[in-house]
2 protein chains.
Amino acid sequence: MTNTDIDAARLQGISTFEGSLAQKVYLALQEAILSLQFRPGEVLRKALICEKLGVSRSPVAEAIARLANEGLVDVIPQSGTRVAYFSMDDIREGSFLRQALELASVAKVASDRTEVQFAQINRNMRLQTLLIEDGDILGFYQADEEFHELPMLFTGFPRLKAVARLVSLQVTRARMLLLPTPGRAVETLDEHRAVFKAIQNRNPDAAQAALRYHLGQLMPRIEALAETRPELFQSS
Amino acid sequence: MTNTDIDAARLQGISTFEGSLAQKVYLALQEAILSLQFRPGEVLRKALICEKLGVSRSPVAEAIARLANEGLVDVIPQSGTRVAYFSMDDIREGSFLRQALELASVAKVASDRTEVQFAQINRNMRLQTLLIEDGDILGFYQADEEFHELPMLFTGFPRLKAVARLVSLQVTRARMLLLPTPGRAVETLDEHRAVFKAIQNRNPDAAQAALRYHLGQLMPRIEALAETRPELFQSS
DNA sequence: CCTTGTCAACTAACATGTTAGTCTACAAGA
DNA sequence: TCTTGTAGACTAACATGTTAGTTGACAAGG
């Protein structure tokens, strides 16, 4: 109801991505939304997107339909499309769902892991330590993501990672607003190490407990955002 | 590679459903696939679907795109679309994902439930007992589904049920092949009661254990299908 | 000043025309 | 007989034309 900012063309070219045209448009728009280059509440203008990306309305329509399905945009029938506002309810739900999937994965991996899988987690842990020592926060951020993905990969269920990503898209977007504080990185490393030890000891319950604690650290930090950046959250 | 059966018009009218045209077509096709009226491997012919449902290609294309996203159909680019075969890998994965979500839900509900929520579960349990006593297997099947949905509803996370449904679509389709055996219904009731008792006692661990055991009963029965109905499973 | 009705501009949704890639059948050659 | 190449039919993917519903500005009336 407040801002109807015109959709500027800060949208990287389509050729960065691969797949069908619709897929490329989808990825380009998703990245723009998740990286907050498209701000919550902003109106998406199909005509401009078509022009900027040099495609017709069909692939853009399909891409927007997928984004709507994921909850990243709100389509008002016969009227318009806008980038979804942040919603603490959505974020809490996404966090819960992702936690459910990660907990199940880590328990399974703690039970069933092979030595080569463990070696891969071990290597990732050592990499995290190394990056912290060097103060490479961005690198640590990526290693962090990998640490969370490895157990899901090791379950042998290929869709798991995609589903985990799908349910936590809102969380991912919200995390973009959290400044990477160095102190937090060290804490994170410690919490990861607790999960790692439990996997090493093949102790599913301990692994779940450690991961539950670790994931529980995120929501309070996001909740603080609703206070500092209220304009990004839905007004309803 | 084997059968390229022509897509017959056993597809109920579109007016049964509500929403946009694309949504109606999507629901109609999904129901036909889940109920096995469209058999695995069968080729979907857009032209026939358009004619039968009296719509143009646009909503049909959108519907098929969504079904492909869910894994219910396989689209071969520039070539054709066919109903996905059963895949034990997919089914095992769906079962794992659904279990992860249900376990998380039931633990949360065992911890946080209100008295009015408990009363609703209690009512459902008594309904299940009643239907078993009357030998109403179909009615019990529906009460069974509700029993599994209630904890998800009580979490207060509206998307949870939809995500659980999404990840276990293949399981749902496979369940259609399982004959409802009366003996199994009685066992099911006992297993449900164990979950119920744990929720009553506000014991999350016991609730998870009981539900884990209950859900663990399903996969072996589905696995038997791969032996008896191999033509429905992917040949790869 | 506030309400209410109308109308024009804009949009998503739908229909339809066009393009380009894939598969099958079949014929020609080995 | 088996391979290989090729033409044609079929398809998804894409482009574009059309329809119908929503919104907001603004004027007329209270």
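**View 1. Helix α5(B) passes helix α6(B) in a left-handed crossing.** A crossing is left-handed if the near helix is turned anticlockwise from the far one by less than a right angle, and right-handed if clockwise. This is a predicted model, in which local features need pLDDT of at least 70, side-chain atom pairs count only at pLDDT 80 or more, and totals for chains, interfaces and linings use all residues. Residues are numbered from 1 along each chain as its sequence is written, while chains are lettered from A and ligands numbered from 1 in the order in which they are written. Helices (H or I, at least four residues) and strands (E, at least two) are DSSP runs, numbered from the N terminus. α5 (residues 115-133) and α6 (residues 137-154) of chain B pack at about 165 degrees, their axes 9 Å apart; axes are lines fitted to C-alpha atoms, for helices over the stretch in contact, and angles run from 0 to 180 degrees between N-to-C directions. The two helices are therefore roughly antiparallel (an angle over 145 degrees).

**View 2. Three strands of chain B form an open antiparallel sheet in the order β1-β3-β2.** Strands pair if DSSP finds at least two bridges between them. The edge strands, β1 (43-44) and β2 (73-76) of chain B, each pair on one side only. β2(B) and β3 (residues 80-83) of chain B pair over 4 bridges, and Val73(B) stands opposite Val83(B).

**View 3. Among the 21 residues around DNA strand C, Ser20(B), Leu21(B), Ser56(B), Arg57(B) and Ser58(B) come nearest.** A residue is near if its C-beta atom, placed from the backbone, lies within 6 Å of the strand. The largest share of this surface, 3 residues, comes from α3(B).

Note on methods:
Angles under 35 degrees count as roughly parallel, over 145 as roughly antiparallel, 65 to 115 as roughly perpendicular and the rest as oblique.
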